[in-house]
Structure formats: C-alpha cells, structure tokens
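Biologist: Please put the model on screen. I would like to go through it by question and answer.

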Amino acid sequence: MKKKIFSILVCLILFILPLNLSISGISAQSDELQKPTRLGIDEETSDEYTADYTLAAQNDNLLFYADMEKGWFALQNRRSGKIWYSNPNDAVLDDVTTGISRTDIFSDYIFEYYDNSTVGEASALTFNSHTTAVRQKNVSVEKVASGIKVTYRFDTFGFTVPVIYSLLENSLEVKVCVDEIEESGNYSILSIRVLPNFGAANSDTDGWMLIPDGSGAIASFGNGRYNIDGYEALVYGREYAEEKTKISAADNQNIRLPVFGITEGSNALFAAITEGEASAAVRAEFSSDSFGYNNISSKLILRTVSTIEVNAQNATRLSDCDFSGDYTVRYWCLDGDNASYSGMAVAYRDYLIEEKGMKKTELSPALNLNIYGAIDVKANFLGIPYKKLKSLTSFSEAAEMAAYLLENGVGGLSVRYEGWTNNGFFNKKIPKNAKPLSVLGGKKDFKALNDYLTEIDAQFYPDADFLRFTSSGNGVSKNKDSVKNTFGEIVEQYDYMLSVDVEKIDGNNYYLLSADKVGTVINNFLKKYSALKASGISLGTMGSYVYADLNTEDGFNRTALVSSFENVFKALGNYSIAVEGGNMVSAVYADKVFDAPLSSSGNNLFEKDVPFYQIVFHGYTVLTTSPLNKTADDRLLFLNAVETGTELLFDGIYGDASALNETPYNSLYSTTFDLWKTKAADYDKEYRPLLEKIYDKAIIRHTEVSDGVYETVYEDGTAVYVNYNASEQTVSGIKIGGMDFETVSR
Amino acid sequence: MKKKIRQSIAILLLTVLLGGVFATGVSALKSSSVPYNTYEYNYADESVSAPAGYTVDTVLYGTDLGLEKGSVLQDIYCIEDERILLLDSGNGAVYVYNNDLVLINKLDSFTAADGSPLSIAGAQGITYHNDRLYIADTENHRVLRVGMDGVADLIINKPDTAVLDEKTACNFVKVIVDPQNRIYAIANDVNIGALVFDEEGNFLTLFGSTNIRTTAEVILRYIRRKFMSEEQRKNDYSYTPVTLTSFDIDKDGFIYTVAKSSDYSDIEGKVRSLNALGEDIYDSAAFGDIEWDRLKSNSGTQFIDVDVADDESLALLDSARSRVFVYSKNNDLIAVFGSYGEQKGNFLQPVALETVGENIYVIDALANTLQIFRPNDYVRAIKKADMQMENGDYSAAIDTWKSVIAYNTNSTQAYVGIGNCYDYLGEYELAMEAYKKGYANKEYSVSFSEYRKEYLKDNFVLILFIVLAALTALIVLAVKVSKMLRPVEGSAFCQLETKKYLPVYMLFHPSSAAEQIRPRGFASPLKAAIIVAVWFIAATLSYFFTGFSFNENRAVDFNVFYTLLQTAGLFLVFVIANYGLASFMTGKGKFSEIVTVTAYSLTPYIASILINTAFSNILTQDEGMFMSIITAVGLLWTFFMLFAGLMTVHQYSVGKTVLSFLITVFGMLVIIFLAVLFITLYAQVLSFVDSIAREVSIRQ
C-alpha cells in the first residue's frame, strides 16, 4: 500500500515536472534536469530489476544515460526534460501484466527462434533478453564514439547479438549489427523485436501511438476497444513469396512509410527505420486486463521458416536469403507543438530531404487520368478460341479525351497510360521492345499523342510493369527467374474470387520477377523506349510491390529487392517517374505517386486516420487520390484530397465499359469516359485555384480544429479548412459550408 | 413523471461523463474506402466487382454507448425510427437511445407483476409492441413482456403441448408480435417452426416450419413412413433438417424468416417470406453467396438475422462470412458489405441488424460495437429507380437507371430496369437492346414479340412476299425432287440413285439406298466426313447464332473440344461400337458402309439444327414448341433412316436390328467408360509421378 502511494507520488511529480519545464519554455540545463530513476525499488527488490544509469553520451539536444551492466538506457530531451526509458521505469510496480509478458517488459530485445531439430510443423518460439542474458549477467557494455555498444550473449541458444546506440545531432540511432551476430548449435534466430518497450506507457498515461498503416493513424492508450492481438504488419505489405490461397479484403492498406511514434502528454518519441526497413514489421501492443503497457516498436525479420505438406507429411525448411548488413532505427524526441503527428511528419520529411535527397516538385498541378490502352481477351473464330488484343482507348482517343477536358476548362493534365505496349494491360512476357501496340494506332499515333501532350504541357507517363509476368520470354525464364518459396517451388500469385476470397479457377494468375533481373530488363527496355522521346515513365508496380525470393539457392531478401529498385530509380534520373501506391523507397525518388494512401485500413484500435503520408510528401512528390470515379462517395474523397493537397485521379477508357462485363477486367465498371468527363472538369474547376497556390508548398501543420473540421497550414501561410459535416460550420470567424472547404491566404 | 426524471438524469450523467463532446454520439468517419470486397452476382452466378453500396458511417464502441463492463450486445430493435433498443445479454439489461444515439434510459432490473424480482439471463432477442418490450429470456427458457418501467405483465414459458417432447427446453432466442398481438417466438432447440401464442400467452400453433425439399432422401423417407406404426411415426417426426434463426415482420404482416443450414450447397429456401397461412411467397429463391471455391472448403451462407425495411428491401446478416446482403423489394441483390475483421466496417461476431431510416445498424457481440452503415448514391439511385417504376414514372426511371450505370456498367438490374421501362413505354427496340445487355432472355422475348407485331404491321407486303416466295421455292423443290424420284425410262433406277445424289435419295428410301451401297460401290467415307463436319459447324452456329430469346450461351464458355466430342466424337463411338458388334451378330455391313449409312442418316437432324437456329431469331419463347417439333421430326427421321439403313446393310431382321441398337448403345457406354477410365488413370499416374518428384526435390 505504502509502495503504491509512493509510486503514485513519484509519478505525479515526474509528470508535472517536465510539463512545467516545457510550459515555461526554458531550455533546461543538464544539471537542472531530472535524472533517470527506476520506481518502486527498495531493499527487497531483486538485483535484476535495479538500474544504475550513468551519462554515456550527450549533445546540445539529448542526454543519453545507460546502465553499463544491463544495457538498459534512458534518453532525455534537453528542451523539455522528458526522459524516455528503454523499458518502463515503473515496471516493478506493474500489477496487471501476467505470464511471460512480465519479463518481456524488462527486455530490450525479444527474439523469435527456430529449433532446427523440430520434427513436424515449424513453429516459432520466443525468448527475451531479460531472462536469457541480463539475468545471467551475460551482457557486456562498452563505450563507443557518442554512445555505447551492448553485446548480449545468450548461452542457452548459442547466440551473440551486438547492438550500438549512438547519439546523432537530434536523434538516437540504434543499430543492430546483423553481420556480427553469431549463431551456433541447433538454433536459428528468425526475428528480433528491437526495443519493444522504448517509450512504453502504462494504461493510466494520457497519450497515443502513431501507426504507419496507410496514410497513418492514431491509436490512443486504453481506449478499451476489443482487439485480438494488437497490431502487427510488415513494412511495405505482405510477403508474396509465401503462397496465399485465401486472402482477406480487410488488409486493404499497407505500411508505406517505415515509421512509428508514441506520445506522452506534450512529448513524443518518433522513430523511423533507416536501414533494412523492407525486412521489418511494425508492432503495437495495447494495455488490457492482462497487459499493463502500450508500446510500439519494430521487428527485424532475419529469415523465415515454412512448412508445406507433401504426401500427407510436413516438410520444413529455413530460408537462406538472410538479412545482412545493418539494421538501424532512429528515434527523435519531440516536444510541445512538435509532439503531434504533424511534428513527426515534419521530422521525417527533414530526414528524407537530408539523407535521401528528396527535392521540391517541379511538376505543375494537374488533373490526373489513368488511361487503359489494350487488354488481352478471349475471342473465337467459328468456335476456334484464340486470344486477341482489344483496344479500350487508342492513342488518338486518348488525345481526344485530353482535348475535351482542356476545352472544358481543365487547367493542366497528367496522363498515365497503361497497356500501351507488350501484351496490353496485363503482361504475358516481361516487356522488352517498348513498341506501341498497333491495335492502338502504333508508333505513329503514339508519337502524335506524345507531341500533343507535350504541346499542351501535360505530363505523360506510359506505364510498364517489370515485376509481374505469366510466361517465359524476352530474356526472362519462368523457371529460373520467378520468385520461389523456401522449397524452391515457383510461387504463383493468385487472382481471388470476390465472394469467398479464395483463388479463382481461371483467374489472371502471375509470377513475380527475381530481384537480380529487375535492373537488366529495365535497361533493355529503356534502350528502345528512349527512341519514343517520352519525357516520363510510369513504373506502377515498383511503388507497391516488395517481396523476397525464399529459394535457398539464389534467393534474395526484401531489402535486397528494395536496393535494386533504388538503383533503378537513381539510374532513371532523366525521366520524370511515376509509381503507384508509393512505398517510401519509390516515393522519395518518384515525381508522382498515383493512388497514394489517403486513409488507414481502419482497424478498430485506431481512433482516427491522419494524413501523415501527405504531410511528409506534399510539395515534394506529387500525390494523387484513388480514382474518384470508382469510389463510393466522390465528394468525400474530393474533400480528403483538398484537406491534404492531393491531386485528383480519374480512371478512364474511351469506349463503353459494359463491353468488359464478361472479361476479367470487369472491375473497370465505372471508367467510361463519357460518364465522368463533366464531373472531372467540374472538380478541377473547384480545386484548381487552391492547388495552384499550394502545389509546391510543404504542409507545416494539420489539425482537427473542431468536430469534423480540419485545418491544413502550408509553409506560405495559406490555410485550408475542410468541413465534413453536413451543415455549415464557423471556425475562428471563417464560415465553411457543409461538405465544403475554404481557403485563407496570408 | 418518474421516467422523465430518470431520463434526464441519464442524459445529464452521460453529458458529464462524455464531457459533452458528442451530443450526437460519435463523429462520422471520413474515409470513402471500405475494408471489404464489394460485388454483385452476374447472370451466370459469378461474383463481379461492383461499387460499394454501403459505407460505414459511424462505429460506436462500448464506451460510446455507455455500456458497462461485461456487457455483450445481442439484439437491436428500432421503434419507428425514433428510439433504438439494445439488448445486453451479458448484464441482462436493455438500453434505450434516442435516434441521435444518446442514451435516454436503461432497464437493468425487472420485476414480476407481484413485485418479486426477475432476472434475465443470456437473453438474445428483443422486440417492442404497443409500449411494451418483449424479451426472449433465452437461458431462463421464457419470453417476458415488460413495460418500460421494468414490470413484467406476462411470462410465457414452454407450452404444455404434445408437439414438444420432454427434452426440449425451449431456449427462446427471437420474438416478434404481429398486428393482431399474437406473439411469435423462435427457440433454438425447436426445429419445427416458431411457436405462436395469443396475447394472454396461450399456445396457439406452430408457424412456418421449413418445407422439406423433395430430394430423393425425402421421398425415400416418405415411403418408409408409410410402413411405420403410429408410434414409430411420432418418433420419426423429430427429424427435421432446418432450424429458424431469426425473423421479422413487415407492415402487411408478412413474416420473413431465415434458417440455419448444415449443407453448404443449400442455397434455396434459406430466406422465406411467409403469408398468414405460412406459405412461402419467395418460392425457394436463392439468397446470399451462390458460388463456392472449388474445394468447397468454405461453409455456405448462414443467415442469422433478417430485417425488412419500410421500402420492403431486405437486409440479411450472414454469420459464416460476417457479411450483410441487401436485396431490393424485387429480390435483386443491391449491395454486399462487411467481412470478418477488426476494421471499422467489418465484424468479428455480428449478431443482429436493424434498418433505421435508410441506414443499416449492425451489432457485434465480440467487438461490442454498433456500426452504422449509410447507403451511397449508387444504392440510393437503385432504390429511387425502383420507386419511380412503381409509380409508373418510366421516363424518369430510365434516367435514374442510366445514373446507376454511370456508377456501374456491369449492373444487370439497371439494364433490365431500362428494358422494363422502355417496354412499358412501347419502345420495344430500345427495350430489346437493354435486355440484351442485361442478359434477360425471357423479357427480351416478350419485347421482341411486340416488336415483331409492329414490324409485321409495317412491312406486311414485304413479309407476305417473302413468305410466298419461300413457299413457292419449297413447292418447286418438292416437285423437282419427286420428279427425280421417278425411275428413269429404260433404267431400274431414278435420277437420284447415283453416288452423287444418294444422300438425298436416302432421305426418302433409306432401305433401298442402303441396299445399293455395296453392289454399286456407293460407300463414301469422304461425304460422310463432310456431313459430320457440317454437323459440327451446325452445332457451333447454333451455339452462337441462336436468337437471343433462346440463347443463354456465353461466347467465352464455348469449348471447341467439347462440341467436337458431342458431334464427331459421338459419331465415331457409334460407328465403332456398331461395327464391332457386327462381327458378333453376323452383321454383313462393312465399316465404310456403316459410316456412310450413319452419316447420311444424320442429315435430317442437322437440318433441324440449322432450321431451328434460323427460326430462333424470329420466334418468341412462347412459340418455342414449334422448334421442339422441328427437332423431334429431325430426330425421328434420322432414327428411322439409321434403323432402316443399318438393318439393310447388316441384313438383319427387325428384331435383330432392335437388339443390335440396344447393344450398340451399351457398347458406346463401355467405350466412353473405358476412355474416361484411361484418362483418369493417366492423370493419376501423372500426379503420382509429380508428387514423388516434388517430395524428392523438397526432402533433398
């Protein structure tokens, strides 16, 4: 009882102290600041729970304390005084958490491993750094430049894992030295949860987590909502190298940016995975009746183990394309106004500008069209079936569409053209010759379209897909160059039935191209493509697909694929590049991201969606919405676009889409140009004055100013208010109509 | 007065608790994307993508609803779009909200009429009628009728009736009340319909027991029962396959029931609309998902709740895939939404739904949420068009249907709707065009009939001329043929009895023609092959060019191999079987003769295919009989020729010919069986080799 009162008191003091400091706005000196301490420690407390924090590194912004025996650390923000602990400093007082999770709370690393001697179905087992290394005093800590190096020795399993913490100018970099990890004996590490409890907060704390799902979402602590197992998702989406015969439409958004964050009052800890992010997952846990904390962290996946059934027996194999190199995560301490999702987004944007060379956009604002050229359909001659290319929009028709929109007041256009070469919209072979299809008008009409679009100052992005294919050819072999599972079997990517979510019998199934081929096929293609004199190129799938090849002989991991993508993007410097979906690695290099995420997948744990993604990229990489003519509620999507400065997108074919009813392309059910052209022109008219003003301005702040009314402030002072309510609202003297927006210039 | 005070206290409390942030509940979500597949079924019963019909507007969690710890939402009822009742089976309480979902009353203690306390346990159903609540108090095996003050004035327990055996506890799960104040209750351990009580709680009857479908099993059972003793029959009665899961009543007193089904393929009769006599006016229409994966590993749709809206649209809740299906009053599927999942708009364990205004409210017992789905403009347009058609405003309805098509060019119901409108307006040609796009053969045929009437009127002279010309040509041909059939002077044969004209001659004199094949060397495998080729072409033409009124074939489904098997394959099997048989039955026919006779005999049947293909383009479905007659004539003629021809070449008696035909058919079956067996074995060997190879590569 006494212990409890004491701890509450300490909590209160700790809570009030930094608050006061930050409110008074005085930049505190290190000696005036609170020192890190662990709570609830008395004589009876076992040694394994006590800590002795010493100052290990410091700079103008941060103080880094470490326990030189256990490897625990505490990071202090000098401006606000807030201390972030590697694991909660009140964990001894925690009386909620039960079972194995109790020691997990004290652990800085949690491992999943695989016992190679297992017979039968493979299952991942776990252990944590507290019970397997700290308790045995098998942790060695040494000082390195501006930080420490901690080496854990897990004797039970024969592992040695070194990590380095170093202070950068305004962040802490955590590096797992994967190449220095030693493994021996019968065990293999599958994954490492890195600092699962860094910044973790107990259930009474007032705060929230930034979840990078889709555009970003916020999940408050202790909202009491039912969930089965917190949130965990792979960065850049699911692993395609694992066969999936059943899919759920519920996974409709991926993690596009490798970031996460946690706040406590007016302080925030924001993290970005800066190396090896493609091989990571982000996991958030929420306090409940049996778990006392809220935490969010990343998990590095070193390798996978899979089991398949052959002749009624299980076979198990580990992947061999292990992650190599360093895995690094940076943590920023934010406070005051910056302890918000806007502040986190700004921090990440600054990082991308400095480290990835992201630049301001050079594209003028446009209404975007995604045009479908030709499709491959079944036909028959006197009952003899054959495949033929059917034109949905020819080159001259595309020019006609552009001309119509221009004549009807659209101020600028951007055209992405899918299915203009090769086998039309859906690849049979990987594209090679860059020959415009004759069914669409051939090279002559293509050039005419290119010339016309150049003349009217429109952007032109002919799309080519270098990742998906169905048959060998053009220098690619299906057997050799497609993605395989751990058993060396080709993994077929299925088309799924909408009703029951399982693979279709006659679906458009395909294979994915191996990472080592990606560069070569694109180079070959570009040699021919350059003759067409188009200034832009769209590499749609390279913005949305990330996968490994788990084949044990010539496999590659996700990070290897991403770096091959990075090389491609860098080599394409002369072209204006467009991608689809916009994973971070593509979005920083691309000039335009089609169908950028505007919402999260809406997990019940999320309180609300936030436009984190848009704040990061607006003004730098141009983003578009999903097609307005395909959404259930285009006014809502339009307002989402206005709220975030996102450009509008329409999906179009020139002819009547009802002709596609019996083809696998019946999802183009709303693309008929005639049926949406007026709407597109109207929306452009409504949006353009604002877009002209803000298209190249960074967003500095985004907030919900009152219920259903959002304010977005740009670097030039322009503020946009969007009202999602049906009725008119007034916010700080500005009247905003129902389901409408208002612009205020400064 | 007391109630008022309690209400205002509740409001006050709620306002304090929630900090007055949401006077109207929780703010709406602002995303237009949905976490579930949106689809419709096309005319071939395949799912095709469609725009989202409904989007989740608001999700209310336990804390937003003011629910206490341990609460489990089980049922929802809306009182005339003004108040919402939620039944919490975990704590045995009823929550009352206004239509802004502000809590205005909470009933958590109940008393009997004599003042003694009552508790409800695991209650699963609630309804409201004439100021009183009806609660299916499941675990106490009773139905309570309570006032809004919590005092029960009627308690219905398991009725004392011979229909229910001793083992049945009567776990009442759902309850409704009809305009005559009769109380209908479903118990999950009673599988012979709902129990009906009068307003005093006296048991009246059973209602809506599921019709047993006439499958072979049922017929067998029926026969078996005929031989049972009275005692046995009574015991046998307990066997009924389907249990009602929920029901709803519309303003006209029709009761809509949904039932659980153990068979995945059972798509009919799951949803029924019953009139007062208990007759199903849906007549076993199919609802829910009507396709499965090829492994049939998914269970079929399992409806657990139904709600009929004021506009008579039907909302159905499927617990198998956590999904809601919405049907228009014409039984057209207009939207599917929801899926299993932890996202807003998805469900973990949906248990009940209710239509409130144009919105659909769904409650989830595991996530403890109330989700509000609002219709999108797409669905609104469909409903509007239906309404306009009902009011006879067809030209307006056409425009509305066209706006539906702007959202979804796949929408069959929009094309059919436009077709119906044009048909009513007398624009038959336009109606036909629309019906064609909507794959509505029957409706097309009706419009075509009208169109043809007009066409005949307008072009009477031309048509008359064509018909007369055709008749004249026929007569001329007949005369010519009959002339040619007469023996040529100085010869035993007529003009047609040559190798060239033998197929024509055989049409009229099969026996005589067959007789001449061997002595005069008339056997012609080449001509036979040509005729069989023509058969194949005729079958193909018929597939593609049969008039739309009669043609339900899809171009994409055409299988050239299958058609080849059906024509040339069948021909080959027949001649081989017949030739093989000849050696056993001392038939004299040679293989080339059998081939010639069989092929020549096919000409009337092939002609009937071609004639029907042509006629199908000018006839309507009502006149389909005419085409059947042509087919029958063609078939009979072919059979007669084949019979006479083979009898002659084999030199059989009539009896022997009949026998040889029967054995030939048997022989054909044997050949087909062997072929199938061979293919299957071959496939098995292949898959065996394949799996060995796979195992070797995996276990290396």
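The questions below take up domains, the chain contact, a sheet and a helix.

Biologist: Is this model predicted or experimental?
Modeller: Local features here need pLDDT of at least 70. Side-chain atom pairs count only at pLDDT 80 or more. The model is predicted.

Biologist: How far apart are the centres of domain 2 of chain B and domain 3 of chain B?
Modeller: Chain B is divided into domain 1 (2-377), domain 2 (387-458) and domain 3 (497-685). For domains 2 and 3 of chain B, the centres are taken over C-alpha atoms. Their separation is 41 Å.

Biologist: Which helix gives the largest share of the side of domain 2 of chain B that touches domain 3 of chain B?
Modeller: The contact takes 7 residues from domain 2 of chain B and 5 residues from domain 3 of chain B. On the domain 2 side, they divide into 2 nonpolar, 3 polar and 2 charged. The largest share, 6 residues, comes from residues 441-458 of chain B, helix α9.

Biologist: Which element gives the largest share of the side of chain B that touches chain A?
Modeller: This contact takes 57 residues from chain B and 52 residues from chain A. Elements of chain B giving two or more residues include β2 (47-49), α6 (394-407) and α18 (654-698). The largest share is 5 residues, from α18(B).

Biologist: How many residues on the side of chain B that touches chain A are charged?
Modeller: That side has 20 nonpolar residues and 25 polar ones. The charged residues number 12.

Biologist: Which strands stand at the edges of the open sheet in chain A?
Modeller: The sheet has 4 strands in the order β31-β32-β33-β35 (chain A), with parallel pairing. An edge strand has a single partner, so one side is left without a neighbour in the sheet. The edge strands of chain A are β31 (536-538) and β35 (622-623).

Biologist: Which residue in β35(A) stands opposite K592(A)?
Modeller: Strand β33 (residues 592-594) of chain A pairs with β35(A) in the parallel sense. The pairing runs over 2 bridges. Opposite K592(A) stands V622(A).

Biologist: Which helices of chain B do the buried residues of α8(B) pack against?
Modeller: Helix α8 covers residues 428-437 of chain B. Its buried residues are Y428(B), A431(B), M432(B), A434(B), Y435(B) and K437(B). They pack against α7 (412-424) and α9 of chain B.

Biologist: Which residue just after α8(B) takes a positive phi?
Modeller: The phi angle there is about 55 degrees. The residue is Y439(B).

Definitions and conventions
Residues are numbered from 1 along each chain as its sequence is written. Chains are lettered from A and ligands numbered from 1 in the order in which they are written. Domain bounds come from an automatic or database domain assignment. Two residues are in contact if their C-beta atoms, placed from the backbone, lie within 7 Å. Ala, Val, Leu, Ile, Met, Phe, Trp, Tyr, Cys and Pro count as nonpolar, Asp, Glu, Lys and Arg as charged, and the others, Gly among them, as polar. Two strands pair if DSSP finds at least two bridges between them. A residue is buried if 20 or more other C-beta atoms lie within 10 Å of its own, exposed if 12 or fewer, and partly exposed in between; C-beta atoms are placed from the backbone.
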